[in-house]
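Colleague: Before we start, please show me the sequence and the structure. I would like to learn how to read the features one by one.

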Amino acid sequence: MKNASKIRLDVFEKVTGNAKYSGDYTLAGMLHAKILWPKYPSAKILKIDTSEAEKLKGVEKVITRKHIVNGTNLSGIFEPYDRPVLVGENEVVRFCGDALAIVVAETEEIAAQALEKIKVEYQVLPGIFTIEEAIEKTTPFFVFDNKKGNIDEGFSQADIVLEEEYEFPWVEHAYMEPEAGYAFVDGQGVVNVCYGSQNLARHHRAICKSLGLSYNKVRLFSPYIGGGFGGKHAISVQICLTLAAHVVKKPVRLVWTREESFAGSKRHSIKSKVRLGVTKEGKMVALQGEIYTPAGPYMGYTDKTLRATVYEVIGPYAIEHVDIVGKAYPTNNIDITAFRGFGWTEGTFMIETLIEKAARKLNMSSEDIRKLNLLEEDKWKNHLPRTSIELHSKVTVEDTLAKVLDAAGPKPKPRDGKKVGRGIATAMVTFDFGNNPGYRGTGADMTMFSDGSINVQIGFPEAGQGISGVITGLLSDFFNIDSSKISIVHCDTHTTPKSGSLGSSRATVNAGNAVLDGAKKLKAKLEQYAKEYLKTDEEVEFRNGKFYSKDKELLEFEDLMDYCYIWGKNLSVQGWYEGPFPTETRGFTFISGLVDVEVDEETGEYEILQAVNCHDTGKVLYYDGARGQMIGGVIMGLGAAMLEEFVMKDGKPLTPSLTQYTIPTAKDIPEKNIVLFLEEPGKYGPKGAKGLGEHALHCVVPALANALYDATGVLITHLPITPERVLRALNKI
Amino acid sequence: MLTKFKYIRPKTIDEALEILNTPENTAIISGGTDLLVQNRARLVEPNTVVDVKEIPELKQIRETDTDILLGSAVTFSMIIESDIVRKHANVLTQAAQCVGSPQIRNQGTIGGNAQTASPAGDGLVALCGMDAEVELVSLSGVRRMPVKQYVVGPGKTVKQHNELIKGFIIRKQEWDFSRFFKVGRRKALAISIVNGVINLSFDDEKNISSARITLGAVAPTPVQIADLEKELIGKRYSDELGTLIREKVLAAVAPISDIRGSKEYRSYIAAVRCDGIIKEAASMRGC
Amino acid sequence: MDVAFKLNGKNVTVEVEPHWTLLDVLRDKLGLTGTKKGCEAGECGACTVLINNESANSCLTLIGQVDGKEVTTIEGLMKDGELDVVQRAFAEKGAVHCGYCSPGMIMSVKALLLKNPRPTRDEIKEAISGNLCRCTGYEQIIEAVESIAEGVYDNEECKQD
């Protein structure tokens, strides 16, 4: 294969169709599982009668709550666990994603038929389906506020006050691979469960505690994952799959339909009211906000997403008086889970549009008002929790903005009676740099075989974000070997060392540094063995695939490998990375974005002429991957900004699949999607790299709203910004 | 997952009609892009699926001196590639280009689109917009009627269980200006929020001499805006006429609200697009 | 019932239930899991294959419908250990992230190039408009096809080492 070394290993498998995802595996004697979902989102289960279903030919077992004997039946991502695995008789269903039973049968068809034969008696209970209902009838189950100074004092200093109401709908991850997996019990009685997981350690704990199984008896592992974006952190197929295999003691496959995937977990939805006080010079002095989110019935990621939102409303700005309160209410709608950049996109949207309103009112340019208010570097320290300024490079927000404006060129001229607008946005966000509490430390086990090839075992899965490219690139460079000589075992509770979850844009930094640490340890061993082999006390250095002593080439690599093989020398190491600081586990990174838009005020339709984004990324380790992440992230952001809205009515989706929930196609992308990197290496990252996976969404969404504001004079703050919403804002309908 | 059914692929129309004439609970599959989705949703559960896609007569595109004849199993891709259709029934070419995606266009057929009878069906609206006729055959004989009469409600046609759509007859169109338009949530794989056909001809004085305007997704079936057509005759485009166009469209449509758009939006955008397109047609004529 | 068709150049006959889709037969009966299931509604294109050299959603194709036809799946593109030019361009231009959309996407591109070997950017977008991708934002995919259209791969052979 020409240039095989330049093609990432998983890419070759993926373009040939050889790559296997969780739903692609078949084991001999494999059975098929299907889950019985409830008819109502809020109900008490009076009776579950599985007798008819069990009699159906080809049905192996119908599993209900009664089969969970030793465990707590409670799961979740973070403790305390509050989500039932299966809801049983005299227990309560709280949303349509609460499972009632698992049918295991010879074929998927028989399993589906058996589901229809399960008789369930419900006592329908009142449900809470809107945030307004929730505020009226319940109490929040999570409240978070960010207060500084004295808000009344702040507003008294303001010459103008801008106010806006915002609405962000639930957003669906829409990864191309719906959740799926298979499980089997091996010869040691270990339940092996294969499914796409972004959060192996947490899932392992939840499965074992809820089902009452010993951790060593449950092995979880992920093959290639067809997209995660935070959605594969959620509880989905894994617990039911483990339970099914554990009960029937035969291989079982569970594949969700797209509709089941849609009914699983979502990005949090928000309604908020924000007020900004600004002096006539343009200085922001007061920021007040009330942020409400209708969560699912269980906590899921709600507290984290709300907290992130509350923090990010301040943006990268110095505002002395702040009072932002976030409240999350349980409803019978849908589970809330992680989603790329959760909270940051929403917070950035709020502040970046409000500051634009202020600029317009004060007749200041978008750029100038931002520059006036940007937080100075010496004030970054306490701006976001647990974030260290030590890890940062010399890049500032302004640098990224300058680069964006430069690349964008002059604002395009209007044509054909349409209007043109330009909008910008900036954001100061973080990436995980040594792991949050609970995830602290990443290991990279590495073994060099006697032909010099290397196998790496690392906890992060390959979900398309390109971590395998980063790892092979680093090692290929370090040892001067072809990347085809490097293989990776990903994401396996029983064979890969601990790592953080795949999220918080942490993989590149944490895995990268762990791998580099392992490489250094391996190098040290090679040098030690070389000394032994040569029977010398002189220092030996391994460089570019050869061994040197004071620039004199000493030894053929193959000879040392033979020596190690014959004498049984240990060439396995564990690289480890934990981050340089005990409590600060995140580093800053900046991003700026610009959108030029052309609007037809008669139809409300608009075209994005260009989207330009610049990211302070430290060092790009794998250009195709980094560029791809940014471009893809911009389109994902634009999807949420323009096209996507997950709608529920009375606890059921009105947008149950990809037919009704429309994500961008290739024809919906902007004419130009330009992504730029500012490479000023940060400290401590592998070669100075910073995390970037999440951040491409944050600026493009407010930049679009600001561009439309510039073009039409109306600011639309209810996403997605559809032509209908544009027309309503313009009072045309 | 689909329900259990038998599959038969007749080789001739007569064979197909024999099968359809039994008391079997049959469903005709042409492209399958609607039928399979409906079956998966349990809206249609046949015992036997009759695949008519390989009957040669049903896949033909032919012309006579006056008409174009499209077999019911002609796919949207075939329509797009057909010079005959492009030349003589151009709105159907335009409509076909708007349907779904390349894959859907390769598989989906004009007959299937008409029989699905969605008021938003791009192919169906194009047919109605050209006053096309449908030919239904059964063992008892042949029925021919305007497509507008054949579709009677959302998802409802007058086709009997034992009938097969043989094809469509479209008078060769001779308009000065023919436009199919579609408003969708995105630029591919989109169900029409509003769509329509605007056919216009002009006289030597650049007045509109004849018009045929049909809108889809704004009523239970595609609707001809006859009032507007009458108003346009003998007139030149002006801002006043534009206002009248919008009024007439608003008065003629009765859309519903759904997740794709509210009824106010549908009414509004239908009116605005009609006005805009008529204005464009006029300016192309130098009016 | 039995269905006989040509699959990746070889004649096959399969014993099937009439209500099975081509997608399910390929994946479950024939073990060709390269073609993916993404929605079963013709809305995502992950299941795209070629039927008589035209792209089609195999999730919306009953197995009986391919009787007597030629079906090509992603597994049928490599020849004698050489990657097809589309596979190669995708691999080299960063067009593959999670890879789940890639087989269907590649088949749609293949269908395009069989009819139009030098497509424009708009023609490329049109050809892949029925294939959703959530990872790449489409840019690198379009660039991969543009590189083929520009003749970058015209005189090269793809051999496996």
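Modeller: We go through chain contacts, helix packing, domains and a sheet. This is a predicted model, in which local features need pLDDT of at least 70, side-chain atom pairs count only at pLDDT 80 or more, and totals for chains, interfaces and linings use all residues. Residues are numbered from 1 along each chain as its sequence is written, while chains are lettered from A and ligands numbered from 1 in the order in which they are written.

Colleague: How many residues does the contact take from chain A and from chain C?

Modeller: Two residues are in contact if their C-beta atoms, placed from the backbone, lie within 7 Å. Chain A contributes 47 residues and chain C contributes 44 residues. On the chain A side, helix H1 (9-16) and helix H16 (623-643) of chain A are the elements giving two or more residues. Helices (H or I, at least four residues) and strands (E, at least two) are DSSP runs, numbered from the N terminus. H16(A) gives the largest share of that side, 8 residues.

Colleague: What is that side made of, by class?

Modeller: Ala, Val, Leu, Ile, Met, Phe, Trp, Tyr, Cys and Pro count as nonpolar, Asp, Glu, Lys and Arg as charged, and the others, Gly among them, as polar. The side of chain A that touches chain C has 22 nonpolar, 14 polar and 11 charged residues.

Colleague: At what angle do helix H13 and helix H14 of chain A pack?

Modeller: Axes are lines fitted to C-alpha atoms, for helices over the stretch in contact, and angles run from 0 to 180 degrees between N-to-C directions. Helix H13 (residues 467-479) and helix H14 (residues 507-534) of chain A pack at about 30 degrees, their axes 10 Å apart. H13(A) is therefore roughly parallel to H14(A) (angles under 35 degrees count as roughly parallel, over 145 as roughly antiparallel, 65 to 115 as roughly perpendicular and the rest as oblique).

Colleague: Which residues make that contact?

Modeller: Among them are Ile467(A), Val470(A) and Leu474(A) of H13(A), and Ala511(A), Gly512(A) and Val515(A) of H14(A). The residues of this contact divide into 11 nonpolar, 2 polar and no charged.

Colleague: Which domains does the assignment give chain A?

Modeller: Domain bounds come from an automatic or database domain assignment. For chain A these are domain 1 (374-432 + 585-733) and domain 2 (442-577). Their C-alpha centres are separated by 38 Å. In the contact, 15 residues of domain 1 of chain A meet 15 residues of domain 2 of chain A.

Colleague: And how is chain B divided?

Modeller: Chain B has domain 1 (6-51), domain 2 (60-171) and domain 3 (177-284). The C-alpha centres of domain 2 and domain 3 of chain B lie 21 Å apart. Each of these two gives 21 residues to their contact. On the domain 2 side, H8(B) gives the most, with 6 residues.

Colleague: What is the strand order of the open sheet in chain B?

Modeller: Two strands pair if DSSP finds at least two bridges between them. The order is S11-S12-S13-S14 (chain B), 4 strands with antiparallel pairing. Strand S11 (177-183) and strand S14 (223-224) of chain B are the edge strands, each pairing on one side only. Strand S12 (residues 194-202) and strand S13 (residues 208-216) of chain B pair over 8 bridges. Ser201(B) has Ser210(B) in S13(B) as its bridge partner.

Colleague: Which strands does helix H12 of chain B lie across?

Modeller: Helix H12 (residues 263-284) of chain B lies across S11, S12 and S13 of chain B, at about 30 degrees to S12(B).
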